[in-house]
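Me: Hey, I've got this structure open and I'd like to go through some of its side chains with you. Can we just chat our way around it?

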Amino acid sequence: MPPKPTSPPPRQQDPDAAPPRPTNPPTRVQHPEAVSPDAPTRPNPPRVDPPTRREAGNTAHREFPPGLRDRYEPHGVAGAGSEGTVWHVRRLADGSDAAVKVAHPGQIMDMDTLEHLATPEFRRHVPRIHDFGEIAVGPAVCGWVAMEYLPTTLDDHLARQLRGDQRRDDRPRTEHTVRELADLLDFWQTRIDRNPLDLKPANILVRQRPDGPPEFVVADFGGIAKFTASQSYRDFQITALYMAPEQIVHQNLKATPWWTLGLVLYQVFTGRPLYVLDDDARITDEAWTRGLILHSEVNLGAVTDARQNLLLQGLLTKDPDDRWTAAEIHRWLKGETPDVVRPSAPDAPTAARHANRPITFRGQAHHEAESLAAAMAQHSEAAAKWLMTEGGPRLAAWLREDLSDTAYDSEQLLTLNRGRDGQRLVRAAVAALAFVAVFAPTATPQYRGRRVDAEGIARIAQGGEAVGFVEELLAASVPTVAAGFVCGHEQCTEGRCRVLLTLADELPRTLDRIRAEARTLKRRGDPQNDGALNTYETNFAYGLAAALIVHPGDRRRALVPLAGLPGVLAPLAAKAPVALLVVLAHFGAVRHQALAVLRRRREDAGFLRRWADLHRRAAAGDPATVPGRAALIAAAALLPRVLRAEALGTDHQVAFREWWSATRIPLAQRLIAAATLCTLLWLLIWSGAVFRSVYDADLGWAALWPDDALVGPLTRAANAAITTQAGLCAVALAGALAFAAAPTRLNRPLLLAVALLAGYLGYARPHLPPLDLLHLGDDLAERLRHLEGGWRSGNGLVALVVFPLGCVALGGLAHWLLGQARAAEETQAGLRRDRAERRRVRAGLPARPHSDARQWRNGADGTRDRVQFGLAALLTLITVLWAAVEIRVALLSGEHHTLASWGTGQQGASYQSQYLLVCAAICAAAALCRPAGARRVVGWAVVAVAALGLLPPPVEPAQALSVPVLHDFFADLAATWGHGAFWAALLLALPLSVYAGGFAIRRTRRAGR
């Protein structure tokens, strides 16, 4: 065996010093500078046991990106390399430790790779990825990733074992390390479908387990490659001293990382890397590369154990076609002796080196069953069709005659060409899956082109319209066969996937219980129905049952609809704690039980009792057991049978994202309209106040012509107007909010009347009651003096121009903004109704019938509309009556010498008490009319009560109808406003009456569905 390369390497050593721990070699992109051979030597420092991964020099706390400090609190630098810097941080969300890697400027971090690796199924050999993205670091934008904090590298792990006097010839421990590293690499290549090219010990982290041996994970993703047609590794971070021979010519093959694994195992077996010589000198990159080119084999003389030497010979075979991979390593671990191919005859054809005849699958020759199984795992659909035709007998003969293999039952391959095509394809697919399970157990189980591990079957079941495929899987025992694959679940330690075995056993039993529950809850109003699950309920039950068997902790998904939160509150349930959802579900069960008692004489009382019992069992059900899981899923799946027809698809299925997408545009438009209204009303108040000041100063029409002699009077008039404006800012704000939030369309005459009222309030402010609410600050008032009163002698002309322009803008711009918002809301309401109807169809319920806007709706819906109309109309009448009385007291009752003379609300309360029954009788009579007649009756009633309140008492014809009731209630309610009754009537009562009237009108126009 040729010796190692003998070119003199540069070194720094002390003959008397203990062998230092070898340093990690730089990556190829770093181009390390060689140390001069005659450089002065210095003794190596004594070795210490570092507690964490390269935490020396944690002085870069201030360099942590500021944009990440709202999520992570840095403890210090955990490491740095050519790609980026790694910080040890604390996650502010839950207080746990994490590692945040930030790429150096110019280094690209592959976000697609990070998204792929964040899959929970890969967590066995990949650190948990919390988050990733890009962030500004100075003038550059750098990639970053936050992952599980694992402070110990494989380098540290091996060094600690040596310092702890653990023997390297401890066979069980060494074989566990070999098995764990081989499973790691095989898992990355078969399950993750990525090729880790830079598999040095410093890039392998150790996950310590309190109840078992340590686990190894790959944490440096700079050298991760996809299996694509391109075989170049030029764009990846590769450590030169761990390169495979083919990488010298820029090739990236599937066998490449297995060479690197051989180098890692050499360090495991001997305690030092292969690139460190016996005198502790390190071989340079150039010398190492030259040795790979010139020498046909690697010197393994330091490995004295024959079995370990055999393993390294197989892994460090220079020809990647002959190099050992996972299949040979697993045979070696079983005590077998796989062949090591050496290039004894360089000119011999490759096929001559193999002991077995090849078998061809998809045009590629395979000499080993493991290679064929890996190809069949990637092309399961093609493998099933191949076995169903000529491939089955050929594979059986190859296994029996060439491989003499008895691990796989090849007899099943001989009968795949019998039976109907559908049955043959199913049997062939199962046979292919079983073959892969025997010879490539670390691959991802595939059945007819679809993943059939636990997570894959759960996704298939939740896909909708996949019940037939799931039933095919269960009938063919596919989950039982797939349980033979390596799964990575922590609870699966006996070589079989317990999750898949549980799925195969409990999914049918769970569905049988759900069907039994459904038969006890026949749909109301359909006595001919037998209660069987419809298509929607079946799809829902299959998907949720599979999800809860695979992930029993995902109980929230079934509890959210049972929480019973209505409307826009429903999205809050998705983020609520599970304990709160359980309490809400129990409350819902109690509510249904009480409803069943109240309706015990109705025909659906039995249905409600059975539903309440199911709801109670669902709230207390354990998803880890078949009865608890069945009750939970049955309640969630059968919920549409219980809900009101119009509630389905709106109350319990509204998602926050759906609600926000329908609300944000109209909300933004209404906020813009409110700001516009507030500004215009404020300007109109100022204009009216200026007119009043000009009138009081007796300036007349001369105030409209700029004259230096009028600078003083007009400046004082503007200042007085600003004082009035500052005192009435609450009026402008309340009016803007009232009209911006109006649930109905506002016409231009109404907005024009509001503009005139605002100008009048500014003009009549000296004769209005005091208002002490929401005064403008002195600083802002001073700024307004400069803005609005800085026109000097032109103040009068500016006020005259502002008033008509404000009126036009209020009637035009504000009307247009509010119209746009209302149109958007009506569009979204129509979309919501359409979505609700589609959900009803999926749930198997009939579509809601169309209603005629000219008639009240039939049945309970029509009765409810009439009651709501009558109550809203009554609120409108008594509110208008109180507001009219208080406005008359404040404005039409002469001089006011005391605060009480402005009105305290008691006179309006007296009117409300006297005429409440009359108004109620009018509203009841209107509700008995047709919708159009009801609107006319209430409209004339509003005019009548407004006139009654504005006319000075006594109004003798009206007194003949007065019947005082609830006087104390109305008096106490009016006392709330005290001396501000006028402003309460103007700013609160009138808008409230408009809202109540609009609600009443909408009850009479329930068109459509």
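Predicted model: local features only at pLDDT ≥ 70, side-chain atom pairs only at ≥ 80, totals over all residues.

Me: Which side chain does Arg331 meet in a salt bridge?
Reply: That would be Glu336, at 2.9 Å from N to O. A salt bridge here is a side-chain nitrogen of Lys or Arg within 4 Å of a carboxyl oxygen of Asp or Glu. Residues are numbered from 1 along each chain as its sequence is written, and side-chain values use heavy atoms, with hydrogens and water left out.

Me: Why would two side chains pair like that?
Reply: Side chains of opposite charge can pair when their charged atoms come close.

Me: How many salt bridges does the count come to?
Reply: 21 by this rule. One of them links Asp453 and Arg451, with the closest N and O atoms 2.5 Å apart. Asp453 is buried at 6%, while Arg451 is partly exposed at 25%.

Me: What about Arg617, which residue does it bridge to?
Reply: Asp613, with 3.0 Å between the closest N and O atoms. Both lie in helix α19 (residues 605-620), four residues apart, about one turn of the helix. Helices are DSSP runs (H or I, at least four residues), as are strands (E, at least two), numbered from the N terminus.

Me: New topic. Where is Arg629, and is it buried or exposed?
Reply: Arg629 sits in helix α20 (residues 626-637), and it is buried, with a relative accessible area of 2%. Its side chain reaches the backbone oxygen of Pro623 at 3.0 Å.

Me: Which residues is Arg629 in contact with?
Reply: Leaving aside neighbours within four places in sequence, its contacts (heavy atoms within 4.5 Å) include Glu506, Thr510, Leu548 and Asp622.

Me: Last one: where is Leu892, and is it buried or exposed?
Reply: Leu892 is in the loop between α27 (859-891) and α28 (906-928), and it is exposed at 60%.

Conventions
Buried < 20%, exposed > 50% of the residue type's maximum accessible area, 1.4 Å probe, protein only. Polar contact = N/O pair within 3.5 Å; in protein donor to acceptor, adjacent residues only side chain to side chain.
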